[in-house]
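Reader: Hi! Could you walk me through this model? I'd like to talk about its sheet and its pockets.

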Amino acid sequence: MQEVKNKAEERMKKSIGALEDDFNLLRTGRASAALFDKIRVEYYGSPTPLNQLANISIPEARLIVIQPFDRNAIGEIEKAIQSSELGLNPNNDGKVIRIAIPPLNEERRKELVKQAKNQAENARVSIRNIRRDVNDQIKNGDFTEDEQKKGTDDIQKLTDKYVEKIGEILKSKEQEIMEV
């Protein structure tokens, strides 16, 4: 029974991790190196993660500086950023790329909060699906009636804990998005 619970908790932790990754990709009014985690740059014929080709630093709250390890890649890096869905305009001076993060308008902030809420709801659904799968495992396994009851109660407590955690993460992200 304990092994079933441990696997369920591991899966729930992965759902939380996936939500946090999704939230890192939501652009707020602040500069963040995590914005570039999914950007791939065509480098010598193969798509390479940006963070493997350059040093990404945040010298100010609304400025990102990307310094390529190989200056020959600067044009491809700039092209990859422009073609991404981030809506950022990189400035290339031949040595480094500077990206100013414009402040978000009220309408865009509300849109991002709505998107964050949808992502959080998807994570909650994922947690509940894990609960359902594990409860089915418990009911169909060779456990006594008492063990089944205790097992499903424990899984429900675990589910409540992770759904609450999703709420906390969402609240934090909403505050980050809405701050001016």
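Reader: Thanks! How many bridges join β5 to strand β6?
Author: 3 bridges join β5 to β6 (residues 97-100), and the two run antiparallel. Strands here are DSSP runs of E with at least two residues, and helices are runs of H or I with at least four, numbered from the N terminus. Two strands pair if DSSP finds at least two bridges between them. This is a predicted model, where local features need pLDDT of at least 70 and side-chain atom pairs 80 or more, while totals for chains, interfaces and linings use all residues. Residues are numbered from 1 along each chain, and side-chain values use heavy atoms, without hydrogens and water.

Reader: What stands opposite Pro 90?
Author: That's Ile 99 in β6.

Reader: And what's the strand order in the sheet?
Author: The 4 strands go β3-β4-β6-β5 in an open sheet, with antiparallel pairing. β3 (54-60) and β5 (90-92) are at the edges with a single partner strand each, so one side of each has no neighbour in the sheet.

Reader: Switching topic: how much space lies in the largest pocket?
Author: About 310 Å³. A pocket is an open set of points on a 1 Å grid over the protein atoms alone, where a 1.4 Å probe fits, with protein on both sides within 12 Å along at least five of seven lines; lining residues have an atom within 4 Å of a point. Volume is the space filled by probe spheres set on the points, which are joined across faces, edges and corners.

Reader: Which residues lie nearest its centre?
Author: Leu 25, Leu 26, Leu 35, Glu 85 and Leu 86, out of 14 lining residues. The largest share of the lining, 4 residues, comes from α4.
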